[in-house]
Amino acid sequence: ERKQKEDELKMAYAELHKIQAELIESEKLAAIGILASGVAHEIRNPLAVILQGVNFLENRLKPCPKNISEILNLIKDNIRRSDNTIQGILNFSRKTELSKQKEDIKSMIESSLLLVQHKIKLGNIEISRQLQADLPEIIVNRQKIEQALVNILLNAIEAIPGGGKIFIRVYLKKLEEITNVVGRRKDDLFVLGEQSLIVEIEDTGAGISKENTDKLFLPFFTTKGPNKGVGLGLSVTRNIMLMHRGAIEIISQEGKFTKVVLTFKIGGVE
């Protein structure tokens with residue numbers, strides 16, 4: 001009995017330590033969000049002025065010599081890329097009230113694939129769909145869920161630069177195992193035994209090392225190298241799932257595959 005009490009105490013201490021670490025991380029993320037939002041606005045204003053200047057030069061130099069036109073287009077492309085990065089930071093740091101309604105997950109997946117179809121073709125990537133029939137609708141913000149799906153698809157595409165496959169699976173599942181998001185407590189995201197809708201996106205890329213697995217959802221963490229993203233995609237995606245009281249999990253085996261698993265509530269949360 002004493003041994004059992006000691007084990008329970010150890011488990012309680014480990015849980016307390018975990019919660020404390022999560023609270024510290026939460027405070028850190030809040031501070032980063034405030035800082036990032038302020039910096040983003042300060043950068044965005046001069047970018048708008050630069051873009052206006054480029055447009056003015058284009059109009060004054062008509063007909064514009066080819067070499068000058070190429071340089072101006074290069075400047076505009078980089079301004080747009082910077083603006084997209086800033087928008088990602090603002091989306092990450094901004095608290096938004098979501099308008100939700102019943103949506104078809106298959107339709108959202110197809111719309112998301114349409115947005116990245118150019119990269120799919122360029123990357124010589126085959127998409128394999130395995131979608132269960134007669135899936136129920138889920139109550140979500142369509143734009144946000146499509147944003148999350150696009151983020152995941154882009155990561156999958158970039159993970160297989162030499163070509164490969166992306167598997168998309170959608171099915172219903174009864175949650176029968178206790179995890180960090182499934183349990184019997186009121187504050188658990190999912191109740192043990194609850195029926196949920198699962199979306200899996202798996203790529204045949206190089207996988208993720210164990211040392212990086214725990215860092216994947218940290219803002220600004222990226223393994224893509226310079227000029228290939230700022231590491232906000234998965235942080236934003238997790239934030240979107242939490243807004244919908246859903247869950248995201250990443251399963252990866254280095255050298256073989258990476259699979260992202262999204263778990264949605266049936267019907268969703270109003």
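Buried, in these notes, means under 20% relative accessible area, with exposed over 50% and partly exposed in between (1.4 Å probe, protein chains only).

**Ground rules.** I am working from a predicted model, where local features need pLDDT of at least 70, side-chain atom pairs count only at pLDDT 80 or more, and totals for chains, interfaces and linings use all residues. Residues are numbered from 1 along each chain as its sequence is written, and side-chain values use heavy atoms, with hydrogens and water left out.

**Entry 1: Glu146.** I looked up Glu146 and found it in helix α5. Helices here are DSSP runs of H or I of at least four residues, strands are E runs of at least two, and both are numbered from the N terminus. Glu146 has 14% relative accessibility, so I count it as buried. Leaving out residues up to four places away in sequence, Glu146 touches Met108, Ser111 and Ser112; contact means heavy atoms within 4.5 Å.

**Entry 2: the sheet.** Next I traced the strands. Five of them form an open sheet in the order β2-β4-β7-β9-β8, and the pairing is mixed. The edges are β2 (125–131) and β8, each with a single partner strand, so one side of each has no neighbour in the sheet. From one strand to the next the twist averages 15°. For pairing, DSSP has to find at least two bridges between two strands. Helix α5 (residues 142–159) lies across β2, β4, β7 and β9 and runs at about 30° to β7. Axes are lines fitted to C-alpha atoms, for helices over the stretch in contact, with angles from 0 to 180 degrees between N-to-C directions.

**Entry 3: strand β9.** How many residues of β9 (residues 257–265) are buried? I got nine of nine. In a regular strand the side chains alternate between the two faces of the sheet. On one side of β9 I listed Phe257, Lys259, Val261, Thr263 and Lys265, on the other Thr258, Val260, Leu262 and Phe264, and all are buried.

Then I checked the partners. β7 (residues 195–203) pairs with β9 in the antiparallel sense over eight bridges, and β8 (residues 247–253) is joined to β9, also antiparallel, by seven bridges. Val260 in β9 is the bridge partner of Ile201, and Ile250 stands opposite Val260 too. The hairpin of β8 and β9 has three residues between the strands, and Gly255 there takes a positive phi near 85°.

**Entry 4: Thr263.** Thr263 is in β9 and, at 11% relative accessibility, counts as buried. Gly246 is 17 residues away from Thr263 in sequence, but their C-alpha atoms are 5.5 Å apart. Beyond four places in sequence, the contacts of Thr263 include Leu175, Phe190, Met241 and Ala247.

**Entry 5: Arg169.** Is Arg169 buried or exposed? I put Arg169 down as buried because its relative accessibility is 17%. Arg169 belongs to strand β4 (residues 164–174). Its side chain makes a polar contact of 3.4 Å with the side chain of Gln130. A polar contact is a pair of N or O atoms within 3.5 Å; within protein, one must be able to donate a hydrogen and the other to accept it, and residues adjacent in sequence count only if both atoms are side-chain atoms. Arg169 also touches Glu202 and Lys259, among others. I noted that Glu202 stands opposite Lys259 in β9.
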